[in-house]
Amino acid sequence: MSTIQAIEVKCYRLPLPVPMEASAAGVMAGFDMVTVQLRDDQGAGGCGYTVLHEGQGAAVAAIADGPFREILQGADPRRIEWLWIQMYKRTHYAGRGGPVAFAHAAVDVALWDMRGNTLGEPLWRLLGGFDPKVRCYAGNIDLNFPLDQLLEGGSKSVEAGFHSVKMRLGKPTLAEDISRVEAMRNHLPAHIDMMADANEAWRVDQAARAMKQLQRFDLVWLEEPIAPDNFEGYRHLRSLGLVPLAAGENLHTVAEFTSLINAGGVDFPEPDLTTCGGITPFMKIAHLAEANGLPVISHGAHDLHVHLLAACPNTAYLEWHAFGLDQFMAQPLTVADGFATAPDRPGHGIEFDWVGMGKFLV
Ligand SMILES: [Mg+2]
């Protein structure tokens, strides 16, 4: 038996190395990070975190530190599914997604990390143990970059060891988007795969027109061409058979993924554990995809997701996110020859530079 004795919730506002733009979010200069640290009466610890756009971290931290703390204090940390449901029930009226899902994620990761630390096992083996080597791509956020900077970013990703590079779409005209994709395709070596992410820039008719023009570039996928919850729109666009579709970073529940997959609206389901309630629901979504004959890819938080994707047989790609959290980690993940390798350290194996992050505490 073990019981949770200490719960520490913190909120940080971390600056980005360079301001970045995506269509739906606009220009971002920094991001919020909420951390949850747990300790049990046996001395075992676990650390979880979630990241989100600037200005909303305090709300997420308040949920973790309020109703979730009441549930966790004195509870058995090994009953992760049970605790997840208790947190879900306590907050479902104003929850089922949104800030609650982010708070849920930070706590759930801390519980899984604690389990891994207690057992001396890395998460990727605890969760299934398929293959520690995971194919990854550079998830550049570059809509605001002028063309020369966009192409330079592509080159840097290839030099860093990536074999796949994603760029952003959603310029004021489709012609500009297409000319940027064409420039990038001509710039990158032929063996480098490309993805594109429109971040909800278009209506369904605009997306259909864009996909006709994008077809000739043989993209691995087009991501979020339209609003994330327009499942009928995704079904229609996918039925055109022009470009494979990826979506999911803005879905916050297993139920939403079930709806999107049942609608036949996605080729690459893309859950993000930090937005969908943590490792527990992420793994359900990954298995749901597998059961439907689909691959799974991840969005953001690559130091955590590498474990989850290394656990799954249907993994396609890990997104290497551009938030630059690596600078606050003792042993950040590395990429070589297009792959990242999940570490063998217990839990998620991430050790944060708490002192360095201290000056960004909200
Ligand atoms: Mg995206």
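Start by colouring the chain by its two domains: domain 1 covers 4–120 + 354–358 and domain 2 covers 124–341, with bounds that come from an automatic or database domain assignment. What you have open is a predicted model, in which local features need pLDDT of at least 70 and side-chain atom pairs count only at pLDDT 80 or more, while totals for chains, interfaces and linings use all residues. Residues are numbered from 1 along each chain as its sequence is written.

Select β1 (4–22) and β3 (45–53), then strand β2 (residues 26–40). Strands here are DSSP runs (E, at least two residues), as helices are (H or I, at least four), numbered from the N terminus. Together you see an open sheet in the order β1-β2-β3 with antiparallel pairing; two strands pair if DSSP finds at least two bridges between them. β1 and β3 are the edge strands with a single partner each, so one side of each has no neighbour in the sheet. From one strand to the next, the twist averages 20°.

Now look between β1 and β2, which are joined by 14 bridges.

Which residues of α1 and α2 make the contact? Show I63, P67, F68, I71 and L72 of α1 with L83, Q86, M87, R90 and T91 of α2. Residues are in contact if their C-beta atoms, placed from the backbone, lie within 7 Å. These residues divide into seven nonpolar, two polar and one charged; Ala, Val, Leu, Ile, Met, Phe, Trp, Tyr, Cys and Pro count as nonpolar, Asp, Glu, Lys and Arg as charged, and the others, Gly among them, as polar.

Next, pick helix α3 (residues 98–119), which lies across β2 and β3 and runs at about 150° to β3.

**Last stop: between the domains**

Show both domains again: their C-alpha centres lie 24 Å apart, and 29 residues of domain 1 are in contact with 28 residues of domain 2. On the domain 1 side, α3 gives the most, with ten residues.

Conventions: Two residues are in contact if their C-beta atoms, placed from the backbone, lie within 7 Å. Axes are lines fitted to C-alpha atoms, for helices over the stretch in contact, and angles run from 0 to 180 degrees between N-to-C directions.
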